[in-house]
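User: I would like to learn how to read a few features of a protein model. Please take them one at a time, with the general idea before the case.

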Amino acid sequence: MIEPGVGNMFRYVGKYLRVGIQIGLKVLLLAIVSLLATLQATAYSGDHYRVCNLDPQGENFLALREAPMATSRLVMRLPSGYDVEVRGPRKNGRWFPVATVDEKGSLIEGYVFDAFVCPVGKPRISQ
C-alpha cells in the first residue's frame with residue numbers, strides 16, 4: 001500500500017513516467033528502423049529498359065533469374081518489348097538487377113542478362 005504524502009506521490013508518478021518514456025523510445029526506434037528500411041528499398045530511382053535483341057528463331061523470351069547467373073532459378077519469362085526497371089549496377093559481370101510487374105500487377109525482382117535489355121530512359125514525371 002502506498003502511504004499518502006508528496007514524496008510517495010512523486011516516486012509513484014516518476015516510476016510510471018519512466019516506463020512511459022521507455023515505451024515511447026522503443027516506438028520511436030521502431031519507426032526509425034521502418035523508415036530506414038523503406039528508404040533503403042527505394043534508394044535507387046531506376047532506369048527504364050525494355051526487353052530487346054531476342055532471337056525469334058530461338059526461345060524468344062528473356063529469363064528473369066533469381067540470382068545473377070544462367071544456372072539460377074527462372075523467376076519469370078519476359079517476352080520481347082517487356083518493360084523492366086534496372087535497380088543498380090551490373091552484378092557478376094553482365095547481369096542487371098531489375099524489377100518489373102507480372103500480369104497480376106505484383107512486383108517481381110530478379111536479374112537479367114544485359115545483352116537483351118535496351119535503355120528507354122528515365123521514367124518521366126508529369127507535372
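Analyst: This is a predicted model. A residue to start from is Phe 116, which is partly exposed, with a relative accessible area of 29%.

User: Why does Phe 116 count as partly exposed?

Analyst: Partly exposed is the class between buried, under 20% relative accessible area, and exposed, over 50%. Phe 116 has 29%, so it is partly exposed. Phe 113 falls in the partly exposed class too, at 26% relative accessibility.

User: Now strand pairing. Which strands pair with strand 1?

Analyst: In a regular strand the side chains alternate between the two faces of the sheet. Here, strand 1 covers residues 47-51 and pairs with strand 4, residues 83-86, in the antiparallel sense over four bridges. Strand 1 is also joined by four bridges to strand 7, residues 117-121, and these two run antiparallel.

User: Which residues stand opposite each other in those pairings?

Analyst: Towards strand 4, the bridge partner of Tyr 49 is Val 84. Towards strand 7, Val 51 stands opposite Val 117.

User: How do I read a pair of aromatic rings?

Analyst: A pair of aromatic rings is described by the distance of the centres and the angle of the planes. This structure holds three aromatic pairs. One of them is formed by Tyr 49 and Phe 96, with 5.4 Å centre to centre and 55° between the planes, and is tilted. The pair links distant parts of the chain, with Tyr 49 in strand 1 and Phe 96 in strand 5, 47 residues apart.

User: Are the two residues of that pair buried or exposed?

Analyst: Tyr 49 has a relative accessible area of 14%, so it is buried. Phe 96 counts as buried because its relative accessibility is 6%. Another tilted pair is that of Phe 113 and Phe 116, at 6.3 Å centre to centre with 45° between the planes.

User: Which residues do ring pairs link into a cluster?

Analyst: The cluster consists of Trp 95, Phe 113 and Phe 116, linked by ring pairs.

User: Last, backbone angles. What should I look for in phi?

Analyst: Most residues other than glycine have a negative phi, and most peptide bonds are trans. In this model, Asn 53 has a positive phi, near 60°. Asn 92 also has a positive value, near 50°.

User: Where do Asn 53 and Asn 92 lie?

Analyst: Asn 53 lies in the loop between strand 1 and strand 2, the latter being residues 62-65. Asn 92 lies in the loop between strand 4 and strand 5, where strand 5 spans 95-101.

User: Are Asn 53 and Asn 92 buried or exposed?

Analyst: Asn 53 has a relative accessible area of 54%, so it is exposed. Asn 92 is likewise exposed, with a relative accessible area of 54%.

Terms used. Residues are numbered from 1 along each chain as its sequence is written. This is a predicted model: local features need pLDDT of at least 70, side-chain atom pairs count only at pLDDT 80 or more; totals for chains, interfaces and linings use all residues. Side-chain values use heavy atoms; hydrogens and water are left out. Two strands pair if DSSP finds at least two bridges between them. Buried means under 20% relative accessible area, exposed over 50%, partly exposed in between (1.4 Å probe, protein chains only). Rings of Phe, Tyr and Trp (its six-membered ring) pair if their centres lie within 6.5 Å; planes under 30 degrees apart count as stacked, over 60 as edge-to-face and the rest as tilted.
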